[in-house]
Amino acid sequence: MAETFHAGDVVLQSGVTLPDAQLVYEVHGRLNAARDNAIVFPTRFGGTHADNAYLIGPGRALDPERWCVVVPNMLGNGVSSSPSNAPPPLSGGRFPATTIHDNVVLQGRLLFDALGVERVALAVGWSMGGQQAYEWAAWFPDRVQRAAVLCGAARTTPHTHVFLEGMRAALTADSAYAGGDYDAPPRRGLRAIGRAWAGWALSQAFYREHMYRELGYSSLEDFLVRYWEGMYLGRDANNLLSMITTWQRADVSANERHGGDFAAAMAAIEAEVLVMPGRTDLYFPPEDSELEVSLLRRGELRVIPSVWGHYAGGGRSEADVRFIDAALRELLASAPPAGVAAG
């Protein structure tokens, strides 16, 4: 069952104060006596705590019988503090920009102060959740023992920034968006962003092999209308734009400690880090992950051999889930690095 952490008034990296900041989270399992069996598993773009269930459960690497898995909802996702639920004057299009760092600092308060966690055995996440896992390892180097980044990155690349600008443009081109002050959802813009996103989230091979038919869609158009348009019509436009801004600004070195020195921020990570890009991911290709791993003290690149594109990390393919689960099981069985306090 989801719970809410009331963080009070929080000054964001933007300099704007977010009053009564709220972080909604779900816990699977219990904290042990040493308070060191916690796993933090943040949500991804557009996802909620319910969407992380694919990697949690009896018999899986993230087994609640052994681990205390904390799933915090990202700011802007419509569950934690977001444009769609914030009171005036910060509601809607006036919701302040939030960063991956803002999210992880709040999540740290949740785990360490509210829940009493001593050490994090693993920070793991898919997509923007993976960006948060990287931030966990970089911001709390002495308290995070391991990190697993599934189709994510420590810093958003210029190419991904441009891709996200295209999504922003597709949505805001609808006159009904009205600068964020819409009375009714900008449906044309939401349909447009859904169709635009369809070409990025999945690979050329996925479409070439008509794999949407395996999901129960009779044709490509059926897939675009019922899955992609349907998904985005169910989302709030300002929430989407808030999360796009957060994604674009992701950078583990963009804080007062590292001052933009990306190499230094990566080298400061003490955790054992498993970076798992999808072989056909168009957002976070293996080549970008390889460059990041080269900057880590204890990094390993393990490519997910999937034709599911970015969705390789998101639980759509059972074969991919098994591959990820086996890797997480192996990572959790490893001894913590000497530089990180062990339980």
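**Note on helix packing, the sheet and local geometry**

1. Helices H4 and H7 are oblique to each other. H4 spans residues 187-201, and H7 spans residues 237-248. Their axes come within 11 Å and cross at roughly 40°. Axes are lines fitted to C-alpha atoms, for helices over the stretch in contact, and angles run from 0 to 180 degrees between N-to-C directions.

2. Some ground rules. This is a predicted model, in which local features need pLDDT of at least 70 and side-chain atom pairs count only at pLDDT 80 or more, while totals for chains, interfaces and linings use all residues. Residues are numbered from 1 along each chain as its sequence is written, and side-chain values use heavy atoms, with hydrogens and water left out. Helices (H or I, at least four residues) and strands (E, at least two) are DSSP runs, numbered from the N terminus.

3. The crossing of H4 and H7 is left-handed. That term means the near helix is turned anticlockwise from the far one by less than a right angle; clockwise is right-handed. H4 contributes Leu190, Ile193 and Trp197 to the contact. H7 brings Ala237, Leu240, Ile244 and Trp247. Contact here means heavy atoms within 4.5 Å.

4. H4 also packs on helix H6, residues 220-233. These two axes come within 8 Å and cross at roughly 120°. This angle makes H4 oblique to H6. H4 passes H6 in a right-handed crossing. Among the H4 residues in this contact are Arg187, Leu190, Ile193, Trp197 and Ala201. The H6 side includes Leu224, Val225, Trp228 and Tyr232.

5. What surrounds Thr245? This residue is found in helix H7. Its contacts include Ala97 and Arg168, once residues up to four places away in sequence are set aside. Thr245 is buried because its relative accessible area is 15%. (Buried means under 20%, exposed over 50%, partly exposed in between, with a 1.4 Å probe and protein chains only.) Thr245 and His161 are 84 residues apart in sequence. In space, their C-alpha atoms are 9.3 Å apart.

6. Next, the sheet. Eight strands form an open sheet in the order E1-E2-E4-E3-E5-E6-E7-E8, with mixed pairing. Two strands pair if DSSP finds at least two bridges between them. E1 (3-11) and E8 (299-301) stand at the edges. Each has a single partner strand, so one side of each is left without a neighbour in the sheet. Neighbouring strands are turned by 20° against each other on average, direction ignored. Helix H9 (residues 286-293) packs on the sheet, touching E7 (272-276) and E8. The direction of H9 makes about 160° with that of E8.

7. Strand E5 (residues 120-126) is mostly covered: seven of its seven residues are buried. E5 runs parallel to E3 (residues 38-40), joined by three bridges. Val40 stands opposite Ala123 in E5. E5 also runs parallel to E6 (residues 146-150), here with four bridges. Gly125 has Val149 in E6 as its bridge partner. E5, helix H2 (residues 128-139) and E6 make a right-handed β-α-β unit. The handedness is judged with the strands pointing away from the viewer: the path from the first strand over the helix to the second runs clockwise.

8. An antiparallel pair is found too. E2 (residues 17-28) and E4 (residues 68-72) pair in that sense over four bridges. Val27 has Val70 in E4 as its bridge partner.

9. Most residues other than glycine have a negative phi, and most peptide bonds are trans. Where does the cis peptide bond lie? It runs from Pro88 to Pro89, with omega near 5°. Pro89 is found in the loop between E4 and helix H1 (100-114). Asp20, in strand E2, is not a glycine but has a positive phi of about 45°. At 39% relative accessibility, Asp20 counts as partly exposed. Arg35 is not a glycine either, and its phi is positive at about 60°. Arg35 lies in the loop between E2 and E3. With a relative accessible area of 37%, Arg35 is partly exposed.

Methods. Parallel < 35°, antiparallel > 145°, perpendicular 65-115°, else oblique.
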